[in-house]
Amino acid sequence: MTSMDPFRDEARSRGLPEDEVERWLDTARRSAMLNLAGETPPDDPPAGRLGGLPPMPDDEPVPDLPFLASVDLAAVPPGATDLPLPEDGTLLFFADTEDPWSDDDWHRLVHVPVGTPVSERASSCEWLPEVRPARDLHLTITPSLPNRGSDTEEFPHGSELGSVWWKTCGEMTTDGPVQLGGCPWVWNADPLTDHDHGPGDWVLLAEVGGEGVTEGDLGVVHWVIRRDDLADRQFDRARAHFDMVG
């Protein structure tokens, strides 16, 4: 279990009420962070892949969009997140992060059920950037809290608590190009609360981006979905939002 003492120490140094700090920590969510292997590859098998060619179903065309990453859901252990994820299959993430505001077709999420015949192949679209080399991703389970809180009746110091997480999270979590579940990292607009999604329990399904992943390297794509739709495997109902530094 990850010690949250760095968070407590920073909050204490700012004079924040300890009872409120503990209640805030009780809201922490589990997330599955997929990281690039270091110089010494981990013993565990890869849980996903960054770049390369997408393993698309043989009876589906490859989207005319840059392929960002894939996640092997069978490699995500039960309890790694609080999401009702499928026990197996693959998620493929596509997005045009060079111009994500042009139209609604700038992103695509594909769920490939286990046993589906697939082949790794590229889109025939000529404008797509060069395919980046494939790199394995390995999974780490980490706690997740908002990096931008709000002052509420329940948490009068919510904004400050979000700032504490922003400063100290690097001591308690690992950072990777793909995150499943948990709280989104917000630079500008929160993908869960700053958009009119309509009714439902909207959750962060995945956050994909960062250096070597998206155009400009500083942007991230958040895929959000209703919890019920995720449980029903209605991945076509997911929505995506782009955020970046600045």
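Is S119 buried, partly exposed or exposed? With a relative accessible area of 27%, S119 is partly exposed, because buried residues fall under 20% and exposed ones over 50%. Welcome to a short tour of this predicted model, which has four helices and 12 strands. The radius of gyration is 18 Å, close to the 18 Å of the globule rule for 246 residues, so the protein is as compact as a globular protein of that length.

**Overall build**

- Along the principal axes, the C-alpha atoms occupy a box of roughly 60 × 40 × 35 Å.
- Of the 246 residues, 47% are buried.
- Taking contacts between residues at least 6 apart in sequence, 69% link residues at least 24 apart.
- The accessible surface is about 12,500 Å², and carbon and sulfur atoms account for 48% of that surface.

**The nonpolar cores**

- In soluble globular proteins, nonpolar side chains tend to be buried together.
- Here the largest nonpolar core holds 34 residues, and V71, L205, V208 and W223 touch the most other members.
- Several strands supply at least two residues each to this core, including strand 1 (29–36), strand 4 (67–72), strand 5 (90–95) and strand 8 (135–144).
- Strand 10 gives the most to this core, with four residues.
- Leaving out residues up to four places away in sequence, V71 touches L34, A47, G48, V76, G89, T90, L91, F93, V178 and L180.
- Another core lies apart from the largest one; this core has 14 residues, among them M4, L16, V21 and L161.

- M4 sits in the segment before helix 1 (5–13).
- The relative accessibility of M4 is 10%, so M4 counts as buried.
- Beyond its neighbours within four places in sequence, M4 is in contact with L25, P143, L145, W165 and M172.
- M4 and T173 are 169 residues apart along the chain, and their C-alpha atoms are separated by 9.9 Å.

**S119 and R121**

- S119 belongs to strand 7 (residues 118–120), and R121 is in the loop between strand 7 and strand 8.
- The contacts of S119, not counting residues up to four places away in sequence, are P54, P55, M56 and D58.
- R121, counted in that way, touches L53, P54, M56, P57, D58, E60, P61 and V62.
- R121 is partly exposed, with a relative accessible area of 23%.
- From S119 to L83, 36 residues apart along the chain, the C-alpha atoms are separated by 28 Å.
- From R121 to T90, 31 residues apart in sequence, the C-alpha to C-alpha distance is 16 Å.

**A backbone detail at R233**

- Most residues other than glycine have a negative phi.
- R233 has a positive phi, near 65°, and is a residue other than glycine.
- You will find R233 in the loop between helix 4 (227–231) and strand 12.
- R233 has a relative accessibility of 37%, so R233 counts as partly exposed.

Methods
Residues are numbered from 1 along each chain as its sequence is written. This is a predicted model: local features need pLDDT of at least 70, side-chain atom pairs count only at pLDDT 80 or more; totals for chains, interfaces and linings use all residues. Side-chain values use heavy atoms; hydrogens and water are left out. The radius of gyration is taken over C-alpha atoms; the globule rule is 2.2 Å times the number of residues to the power 0.38. Buried means under 20% relative accessible area, exposed over 50%, partly exposed in between (1.4 Å probe, protein chains only). Contact means heavy atoms within 4.5 Å. Accessible areas come from the Shrake-Rupley method with a 1.4 Å probe; for residues, only the protein chains shown count as cover. A nonpolar core is a set of buried Ala, Val, Leu, Ile, Met, Phe, Trp, Tyr and Cys residues joined through side-chain atoms within 4.5 Å.
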